Each structure stands twice: as structure tokens, then as C-alpha cells.
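Grab your viewer and work through these exercises. Each one comes with a solution you can follow step by step.

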Amino acid sequence: MNYLIVFAIYSISYIIRNISGPFNIIGIIRNWLLRSKHFGLFFYELFNCPWCIGFHSGYLAYLL
């Protein structure tokens, strides 16, 4: 069971950072977050830090 959770965390972080998704849906959301006036810098740093995105993906997988 633990291996499944680790695989889910890795998959979520990989999808958020690298894949545009079908019909570029994830890419559009990622670009919208990066262009945000108030939170753009936060998301830029989050998407470029593998430790940070892994941590946040971890608790997202736990909540799911």
C-alpha cells in the first residue's frame, strides 16, 4: 500500500511540473497560475523546486 502512495505522489508531481495534459488543460492552468499578479512568483518557485512540489503533492495524495 505504501508503494502505491509513493507512486501517486511521484505521478502528481511529475504531471504538475512536466506534462501539458490532454488538450493542454494542465499547461493552460499552469500558465494562468504563473501569470497571476499576486501569486505568480510563488507558483514559479514551487514548480521549479522538486522538493517543494513533492511535499505539496504528498499531502494532496494523502487528502485524496
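**Exercise 1: a surface patch**

L60 lies in helix α4 (residues 50-63); helices here are DSSP runs of H or I, at least four residues, numbered from the N terminus. The model is a predicted one, where local features need pLDDT of at least 70 and side-chain atom pairs count only at pLDDT 80 or more, while totals for chains, interfaces and linings use all residues. Residues are numbered from 1 along each chain as its sequence is written, and side-chain values use heavy atoms, with hydrogens and water left out.

Task: work out which nonpolar surface patch L60 belongs to.

Step 1. The classes are buried under 20%, exposed over 50% and partly exposed in between, using a 1.4 Å probe and protein chains only.

Step 2. Apply the patch rule: residues need over 30% relative accessible area and no salt bridge, with nonpolar side chains (Val, Leu, Ile, Met, Phe, Trp, Tyr) joined within 5 Å and like charges within 9 Å. A salt bridge puts a side-chain nitrogen of Lys or Arg within 4 Å of a carboxyl oxygen of Asp or Glu.

Step 3. Read off the patch: F55, Y59, L60, Y62 and L63, together showing about 620 Å² of accessible area (Shrake-Rupley, 1.4 Å probe, with only the protein chains shown counting as cover for residues).

**Exercise 2: the core**

Task: find which residues make up the largest nonpolar core.

Step 1. Join buried Ala, Val, Leu, Ile, Met, Phe, Trp, Tyr and Cys residues through side-chain atoms within 4.5 Å.

Step 2. The largest such set has 5 residues, namely L33, F43, L46, F47 and I53. Helix α3 (residues 40-48) supplies the largest share, 3 residues.

Step 3. Now look around L33: leaving out residues up to four places away in sequence, L33 touches F39, G40, F43 and F47, with contact meaning heavy atoms within 4.5 Å.

**Exercise 3: ring pairs**

Task: classify the pair formed by Y10 and Y14.

Step 1. Rings of Phe, Tyr and Trp (its six-membered ring) pair if their centres lie within 6.5 Å; planes under 30 degrees apart are stacked, over 60 edge-to-face, the rest tilted. The structure holds 4 aromatic pairs.

Step 2. Y10 and Y14 sit 6.2 Å centre to centre with 20 degrees between the planes, so the pair is stacked.

Step 3. Y10 is exposed at 52%, and Y14 is partly exposed at 38%.

Conventions. Helices (H or I, at least four residues) and strands (E, at least two) are DSSP runs, numbered from the N terminus.
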